[in-house]
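Subject: Structure handover

Hello,

Please find the structure below. My notes on what was found in it follow.

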Amino acid sequence: MISLEEARSLVLSAVFPLGEEVVPLLESCGRVACAPLSSDIDISPFAHSAMDGFALRASQIASATEAAPVPLKVIAEEAAGEVFEGPIGEGECVRIMTGAPLPADADSVVKYEIVEVLEGDGKPGSTVAFAAPTERGSNVRQAGEEARAGDVVIQPGDVIGTAGVGFLASCGILDVPVHRRPVVGILAIGSELVQPPAVPTPGKIRNSNSYAMAACAQAAGAVPRVYPIVEDTFEALCAAITAATAECDFVLTTGGASNGDFDFIKPVVESLGTLLMTTVNIRPGKAQTFGVVNDTPVFGLPGNPAAAYVGFELLVRPALRRMQGFAHVQHMSVQARLAKDVRKRDPRRIFLRSTITRCPDGGFEVMPDKNQSSGLFGPIQRSNCLAVMPEGLESKQTGDLIECLLLGVPEDLGL
């Protein structure tokens, strides 16, 4: 058996970011850019008002006080999308709306709420009074404040978020080069399996792993391709692996990973390519097969649902994220206090399906599910983290701090 760290390093060393594909802007959200993206214009293309108010020169009201307010005549009104091109005289100002271009003769905007209307309704023809000075540039968003024409706004390796989609739209970019999503071939191995919704006859069970692993691959950003169930024979598995590696970027199997008479994933990978790993010092999921066939990574997970899920999250998901160009591929973790005693009888590193909650003091508390059977999906569905019991036989007591790997939290936060 090798350590989890050795296994992860081995898997990650065998995968690389995939090549470029160009996708429509909306489809780029959550993807990794693989080329520099530049703005075609200044952002913003012109200086504009940050709020509703009055455009003027700061020098016009430099002497304003509450006791001696400065009155100005409102000579025009400018809405967003309009342009006021006239001059602004010494005793004049322009009523301006949020987003409207700053008049050429103005350098500041005073918000409407702090201006007193002396005559009229505050619109053109009115007289308004300013009871305090303002600074040049106040309440003005300057031209090119966010980017200049030609500036690179997204670098290769950046993850494009929802705000990034808006930013790219403002830069005139509607087609985005990103790393391609890996196509993951999903194969469930087992002569005992039947496809839902068929009702299993005695000795048979429904194939749930294909659906779970396809969902895991999809959640990791990959494109799952589910293949038919593979019966427990060397020849059938050889044929299935050969076909899948010819069509996919990564092949993932479940079942047939132990050392029984009908467990063939290890000898098949070894006969077709290079076998790199067979067991990892973790529980659940000690039997983790990894190798390369036809220059395609092949990962064999155990058949027990929890063992397959833990193996996927710890070893397969990081590989799929790396293939999409993500720099951060490991789950974020926090320290949390145990909500109950946990007795340890297995020296392997154990990953407990658990629920983590925030405490009133700002810390975290973690409650392992009462049923840690490797054959169940239910505890995984109820969990939002994997609580880690380190190698050795040291048990943990209520209140002890342990590491918890957060599920469903983006790794690319980099924290």
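Arg283 forms a salt bridge with Asp346, with the closest N and O atoms 3.4 Å apart. (A salt bridge here is a side-chain nitrogen of Lys or Arg within 4 Å of a carboxyl oxygen of Asp or Glu.) The pair links distant parts of the chain, 63 residues apart. Arg283 sits in strand 19 (residues 282–283), and Asp346 in the loop between strand 22 (333–338) and strand 23 (349–358). Helices (H or I, at least four residues) and strands (E, at least two) are DSSP runs, numbered from the N terminus.

Before you read on, note that this is a predicted model: local features need pLDDT of at least 70, side-chain atom pairs count only at pLDDT 80 or more, and totals for chains, interfaces and linings use all residues. Residues are numbered from 1 along each chain as its sequence is written, and side-chain values use heavy atoms, leaving out hydrogens and water.

Back to the first pair. Arg283 has 40% relative accessibility, so it counts as partly exposed. Asp346 has 11%, so it counts as buried. (Buried means under 20% relative accessible area, exposed over 50%, partly exposed in between, with a 1.4 Å probe and protein chains only.)

The salt bridge count comes to 16. Among them is Arg317 with Glu411, at 2.4 Å from N to O. Arg317 lies in helix 6 (residues 305–323) and Glu411 in the segment after strand 26 (401–406), so this pair ties together parts 94 residues apart in sequence. Both Arg317 and Glu411 are buried.

Arg337 pairs with Asp361 in another salt bridge, the closest N and O atoms being 3.1 Å apart. Glu5, Arg349 and Glu391 are linked in a network of salt bridges.

Now a charged residue without such a partner. Lys266 is found in helix 5 (residues 265–272). Lys266 is buried yet has no salt bridge. Its nearest side chain of opposite charge, Asp263, is 6.5 Å away. (Lys and Arg count as positive, Asp and Glu as negative; His and the chain ends are not counted.)

What else is buried in helix 5? Ile265, Lys266, Val268 and Val269 are. Seen down the helix axis, the buried residues fall within an arc of 165°, so they line one face of helix 5. (The arc is that of the directions from the helix axis to the C-beta atoms.)

Best wishes
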